[in-house]
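Please look over the sequence and the model before reading on.

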Amino acid sequence: MRLVAVLGYSPRRPGGMHAICAERLRHAETLEADAVLLSGEAELMRPEWAGPDVPLLADGRARNTRQNAAGVAEAARQLGADEVVVVTSQWHAFRARTLVQTLLPGVAVSSSSPPGRAPLVLLAREGVCLALLPFQLAAVRRAGPGGRGERPRAGLPG
């Protein structure tokens with residue numbers, strides 16, 4: 001069971017989906033999947049989805065990469081996924097993939113990214129986030145199987 005997880009970019013942006021998120025969504029539409037999880041800007045991505053007709057899950061609660069990873073891991077466990085493809089930008093892929101893999105030992109986790117280069121400010125921001133990765137990994141491990149530090153839910157929102 002292959003789960004493709006599309007990470008949103010900016011859930012707090014007024015006026016619609018961020019262009020970076022739209023690029024990720026368009027890229028995800030080209031990938032083979034048994035199910036797709038929209039994470040972060042899920043409410044904006046869902047009506048724009050033009051990919052394969054597979055189960056489309058939405059997790060709009062994620063507001064950062066750690067929460068994206070927790071939602072992806074939760075969905076993968078519920079679906080019995082043995083493969084997860086994290087769709088995000090190239091400059092973000094290593095950290096996102098590492099956080100998801102930490103929560104899903106024994107599951108094949110990879111990433112796939114749309115082409116393009118990040119502006120210098122995003123590369124600098126990601127550099128700072130990578131320096132903090134050990135702390136992020138510790139936080140997801142402490143939060144347990146759901147990875148969010150919240151009480152478990154019965155299921156993902158449709």
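Buried means under 20% relative accessible area and exposed means over 50%, with partly exposed in between (1.4 Å probe, protein chains only). The model is predicted, so local features need pLDDT of at least 70 and side-chain atom pairs count only at pLDDT 80 or more, while totals for chains, interfaces and linings use all residues. Residues are numbered from 1 along each chain as its sequence is written, and side-chain values use heavy atoms, with hydrogens and water left out.

**Sheet**
- Helices (H or I, at least four residues) and strands (E, at least two) are DSSP runs numbered from the N terminus, and two strands pair if DSSP finds at least two bridges between them.
- An open sheet of 5 strands has the order E3-E2-E1-E4-E5, with parallel pairing.
- Because E3 (56-59) and E5 (108-112) each have a single partner strand, they stand at the edges, and one side of each lacks a neighbour in the sheet.
- Strands E1 (residues 2-7) and E4 (residues 83-87) are joined in the parallel sense over 5 bridges, and Val-4 is opposite Val-85 in E4.

**Aromatic pair**
- Rings of Phe, Tyr and Trp (its six-membered ring) pair if their centres lie within 6.5 Å, and planes under 30 degrees apart count as stacked, over 60 as edge-to-face and the rest as tilted; the count by this rule is 1 aromatic pair.
- The ring centres of Tyr-9 and Trp-91 are 6.3 Å apart with planes at 90 degrees, so this pair is edge-to-face.
- Tyr-9 is partly exposed at 27% relative accessibility, whereas Trp-91 is buried at 17%.
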